[in-house]
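Student: I've got a model open and I'd like to learn how to read it. Can we go through it together?

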Amino acid sequence: MLFDESHGEAWSIRPEVAQAMQPSHPADSSYARAAQRLRAWDVAVDAHTSGPLTADVLVDVDVLVLAHPSDPRWEKTVPGGEPTLTPEELSAVDAFVRAGGGLVVLGEEEQEKYGNNLNELLAPYGVRISNEVVQDYEQHRDAPHWVLADLPPARVDGVDVLARVDSACFYRAATLELTGDARAIAFASPTSSAPGAPLAAVSRVDQGRVVALADSDLFGDDCIDAESHGALWRNLVLWAAGEGFAAELEIAPSSAHEDPAWGELVQAVEALRTGQNADGSLDAEALSTDRAGELVEAMVGAIGRLAAHLPHQADYLRAVVADLRRWAAEGFGRPDFGTSLDVFRPDLERRDGVEHLVVFPMYKQNGSRDTAFEALLIRVPWPDWLAALEQSRYDNALFVPVMFTDYTSGYDSECAVLFPETVSVAEKAANHFGAIFCDREAERFRRTVSAAASTLRLDLPPDAAALLASQTLAQDAYLLWDLIHDRTHSHGDLPFDPFMIRQRMPYWMYALEELRCDLTAFGEAVRLEQEGMAVARDAQYAILFDRLFRFPITGTRSRNYDGLGGQLLFAYLHSTGRLRWTDNRLSIDWEHVADGVLELRTLVEDLYRRGIDRTKVAHWQAAHQLVATYVPPASNSVWAAETMAEVDDPRVHVDKVFEDEFPLSIFYASLRTKLADALQRPPRATAAAAA
């Protein structure tokens with residue numbers, strides 16, 4: 001965001017300039033706190049202090065702010081510069097807006113006396129600042145120029161511009177005259193001297209967005225903490241920056257990927273895959289052993305050349321070559337890559353941007369369960385903020401976030417993980433790491449939730465809309481979510497093995513475990529947001545939206561534990577009024593939805609805490625009752641109708657669990673049909689394409 005201070009503005013984001021303008025009370029000329037609020041939310045804010053506004057000045061800008069330029073006869077202003085924009089500047093700003101830039105203009109009462117040409121600037125966008133001064137003696141008899149705005153819902157292209165904004169006070173405000181597509185979002189109160197007149201407006205023109213306000217004081221240092229001004233300021237800036245969030249993600253080039261050896265490796269792997277049985281052994285009828293041997297040697301040669309780009313993987317690359325040759329020498333039976341898996345240690349190289357080559361025979365979670373060779377080039381995102389959290393608060397030595405550089409066809413699926421347990425080995429797999437593809441999770445999230453929001457006519461807060469527009473923001477949200485979720489499985493009051501999916505238990509137990517980890521991540525994100533971490537709000541949205549909109553309708557209805565967790569969250573928020581379905585439109589109480597999520601977390605944690613004193617069967621039954629309180633079980637559910645007897649082997653009761661013990665509601669059944677296309681992942685949606 002660029003704050004113009006080259007045209008005699010009455011406000012500055014530079015504290016020392018505001019001090020010089022108003023030595024006795026600098027807050028009356030300062031937008032420093034408004035700028036700092038945005039910086040705390042990872043918005044880069046700078047001041048343009050001299051020279052004209054040109055295309056070169058605006059080339060890397062997403063939002064331009066002009067805050068009340070004035071002739072110095074009427075206001076204390078920043079030094080230098082005329083309050084009027086030249087014709088060339090007007091043209092440059094208009095071109096900036098039409099190409100996708102955001103413009104925020106703050107006017108004042110008695111607009112004509114200040115000598116600026118803001119109305120000429122705003123005219124193409126259907127906005128004009130009037131010359132009047134609004135008064136309201138009914139609301140503020142001692143300060144009639146303080147006008148509490150009327151704030152009806154402000155839905156603009158699916159975005160709720162006034163989300164979390166309950167009140168706003170305009171101090172000595174003018175009114176706005178609107179034409180064309182310009183839309184008022186705040187109005188003078190009915191008891192004012194200009195009842196119902198616009199005080200703030202937004203406008204879309206080509207790719208750009210414009211915000212105009214008839215008062216500049218409400219975001220100054222004196223006022224930004226009053227009413228809901230802080231939330232309004234953030235919403236308006238983020239809405240104006242909408243196109244900037246959609247900018248393509250820049251991915252650093254990969255020397256390994258550019259090496260012809262990578263293409264040779266992919267070609268050999270793809271050819272070898274066609275001759276593998278479901279267990280990974282060679283199907284000699286589909287591919288001769290001689291040809292398989294040639295392909296193995298081609299893979300070995302390519303890996304050897306790629307090793308020059310990946311010196312940190314020297315031990316692994318030697319080991320995987322040895323495993324490949326041993327597999328061939330022993331007759332291409334079921335592959336055993338335990339030796340190379342044991343020395344494949346991305347967990348020891350958690351450096352931002354470090355790249356790894358992966359070559360293993362494996363099955364794919366949420367993909368083919370057949371074992372086949374795959375070749376991947378992946379890189380690790382490990383920003384400083386994530387490293388600090390892992391070191392100080394959420395220790396998780398096995399957690400490795402990863403992104404695709406490129407992959408073979410087995411990963412052209414919904415598989416978003418790289419886990420040791422999927423690799424073909426003769427003995428128990430080494431468990432050194434758990435790698436999760438944040439780029440694939442982010443692309444899937446943006447695709448499905450965007451479609452759900454459109455289908456359900458859900459109005460999103462500007463920061464949520466920015467998250468869905470930005471691959472970068474979405475990936476960061478998943479970094480935080482995955483870090484906390486992954487470690488939570490082994491923390492807390494645990495009456496049973498948190499990885500009980502490998503055991504024979506009712507599937508709602510694992511649904512509650514996965515949900516518990518997500519609710520814990522949500523709660524920690526709330527805490528981190530309160531401490532000033534911007535990405536934490538995005539993580540809350542990611543958890544909430546993925547759980548509500550994707551999980552329940554993804555996959556089959558056969559013991560769908562993730563789906564059930566989403567159903568429970570939706571049903572709880574709906575039953576407690578944080579979420580409503582009215583007039584075929586979904587609405588969320590953004591101010592209080594986090595409280596509802598945390599309440600459900602308390603219920604689940606209380607179930608766990610009490611579970612240590614129960615028998616296994618009694619605990620399963622209590623868990624069923626908790627879920628059934630909000631998600632109706634199947635009409636003929638045995639678990640809902642009977643009390644399970646205590647027996648030596650309680651697993652016999654699992655046979656009484658229906659495959660779809662908690663069927664989808666009418667709402668979800670309909671949503672699943674309407675989102676069928678969005679649930680289908682586009683082929684070859686690489687990290688670059690997802691951006």
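Student: Is strand β16 (residues 399–407) mostly covered or mostly uncovered, and how many of its residues are buried?

Tutor: Strands here are DSSP runs of E, at least two residues, and helices are runs of H or I, at least four residues, both numbered from the N terminus. Buried means under 20% relative accessible area with a 1.4 Å probe, protein chains only. By that rule β16 is mostly covered, with nine of its nine residues buried. Keep in mind that this is a predicted model, where local features need pLDDT of at least 70, side-chain atom pairs count only at pLDDT 80 or more, and totals for chains, interfaces and linings use all residues. Numbering starts from 1 along each chain as its sequence is written, and side-chain values use heavy atoms, with hydrogens and water left out.

Student: Which strands does β16 join?

Tutor: Two strands pair if DSSP finds at least two bridges between them. β15 and β16 run antiparallel and are joined by four bridges, with Leu 376 partnered by Tyr 407 in β16. β16 and β18 (residues 434–437) run parallel, again through four bridges, and Val 400 has Ala 435 in β18 as its bridge partner.

Student: What order do the strands of the sheet follow?

Tutor: It's an open sheet of five strands, β14-β15-β16-β18-β17, with mixed pairing. β14 (355–362) and β17 (417–418) are the edges, each pairing on one side only. β14 pairs with β15 (residues 372–379) in the antiparallel sense over eight bridges, and Val 359 stands opposite Ala 375 in β15.

Student: What does Leu 357 touch?

Tutor: Contact means heavy atoms within 4.5 Å. Skipping neighbours within four places in sequence, Leu 357 is in contact with residues including Trp 262, Leu 265, Phe 344, Leu 376 and Leu 377.

Student: Which residues touch the most other members of the largest nonpolar core?

Tutor: In soluble globular proteins, nonpolar side chains tend to be buried together. A nonpolar core is a set of buried Ala, Val, Leu, Ile, Met, Phe, Trp, Tyr and Cys residues joined through side-chain atoms within 4.5 Å. The largest core has 146 residues, and Leu 265, Leu 357, Leu 418 and Phe 545 touch the most other members. Helix α17 (residues 507–530) gives the largest share of this core, 12 residues. Apart from it lies another core of 55 residues, among them Val 45 and Ala 168.

Definitions and conventions. Buried means under 20% relative accessible area, exposed over 50%, partly exposed in between (1.4 Å probe, protein chains only).
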